[in-house]
Amino acid sequence: EKGYETGEHAPGLKLGGCGAYKAAHHIIKTHAKVWHSYNNTWRREQQGMVGISLTSAWGEPVDPHSQTDRDAAERYIQFHLGWFANPIYKGDYPEVMKNYVGRKSAQQGLGTSRLPTFSVQEKTYIKGTSDFLGIGHFTTRYVLQKSFPFLQVSSYHTDSDLAELVDPKWPAPGPKWLYSVPWGFRRLLNFIKTQYGNPLIYVTENGVSEKVQCTQLCDEWRIEYLKGYINEILKALNDGVNVRGYTAWSLLDKFEWNKGFSERFGFYHIDFKNKNKPRYPKASVDYYKKIISANGFPNSREVML
């Protein structure tokens, strides 16, 4: 979406309304081809696994008693996670995506939907092409219905007819988009369990960056973030979600998309101005070492059920 719709990321294309959908369509078909290639050629000998890693926030209805808000929150997840996961686990795009993009395309006078379609053969070929689901997750949004006028320039962001809100009480230790909302992770994992038949899950990305460089390397907010989110994964395990592994994001400060070296997610601080790039452990290193050595919280009193 940022590469083919808004142009914020490489390759910097601004193909409003259709670019992101076309790019995603190719990614999904290419993923399936890679899975089948491995399945047919190397699986018997290597006994390996091939999956896909998808990043998604959680969408919570502003008013859980409002059917309109609940529908909007459902659309939020389907337009993010379901966009890719639904074809792989169910064989086609989510119905709500097809309906909304199709209707808006017709209102624009287009003969076909801006959301591409899979042939019957492609649906069969794509469905089931994941031995595990990788999940990247960082934050949550409150969601409510918001209708965009027909004459507005079409875009992925307006197709779903919803608005995103945040709670000002949520901690925001990192960039402006990343609020710490641990309970959203448990809900996302349970959604995956229910929606896609409880697949094997590896958490491939979860972490927080810092707004200002902490010269004392005392990143308590990262420790609190990790404690909250890992605790919610433990709760999801108790719910029966099939989470096999967890990877914090990230080991080192590094080049972060269009933010370059300014956005630091690492456990280790890197001095990018020094040609040798020395690395220094932040306080979160010692905390995370204890968690992974115990494969959980060393102090059982930290776990809140």
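Author: What follows is a set of questions and answers on this model, which is predicted.

Reader: Why does the radius of gyration of the protein chain agree with that of a compact globule?

Author: The rule gives near 19 Å for a compact globule of 305 residues, and the protein chain has 21 Å, so the two agree. Along the principal axes, the C-alpha atoms fill a box of roughly 60 × 50 × 50 Å.

Reader: What makes a residue count as buried, and what percentage of the protein chain does?

Author: Buried means under 20% relative accessible area. By that cut-off, 49% of the 305 residues are buried. The chain still exposes about 15,800 Å², with 55% of that area supplied by carbon and sulfur atoms.

Reader: How many helices and strands are there?

Author: The protein chain has nine helices and nine strands.

Reader: How do you know what span to expect of helix 1?

Author: The expected span is 1.5 Å times one less than the number of residues. Helix 1 covers residues 19-41, which is 23 residues, and 33 Å is expected. From first C-alpha to last, helix 1 reaches 33 Å, close to that value.

Reader: Which residues of helix 1 are buried, and what covers them?

Author: Among the buried ones are Gly19, Tyr21, His25, Ile28, Trp35 and Tyr38. Their cover includes helix 3 (67-90), helix 4 (95-107) and strand 1 (52-55).

Reader: How far apart are the centres of the positive and negative side chains?

Author: The centres of the 39 positive and 30 negative side chains lie 3 Å apart.

Terms used
Residues are numbered from 1 along each chain as its sequence is written. This is a predicted model: local features need pLDDT of at least 70, side-chain atom pairs count only at pLDDT 80 or more; totals for chains, interfaces and linings use all residues. Side-chain values use heavy atoms; hydrogens and water are left out. Helices (H or I, at least four residues) and strands (E, at least two) are DSSP runs, numbered from the N terminus. The radius of gyration is taken over C-alpha atoms; the globule rule is 2.2 Å times the number of residues to the power 0.38. Buried means under 20% relative accessible area, exposed over 50%, partly exposed in between (1.4 Å probe, protein chains only). Accessible areas come from the Shrake-Rupley method with a 1.4 Å probe; for residues, only the protein chains shown count as cover. Lys and Arg count as positive and Asp and Glu as negative; His and the chain ends are not counted. The place of a charge is taken as NZ of Lys, CZ of Arg, CG of Asp or CD of Glu. Contact means heavy atoms within 4.5 Å.
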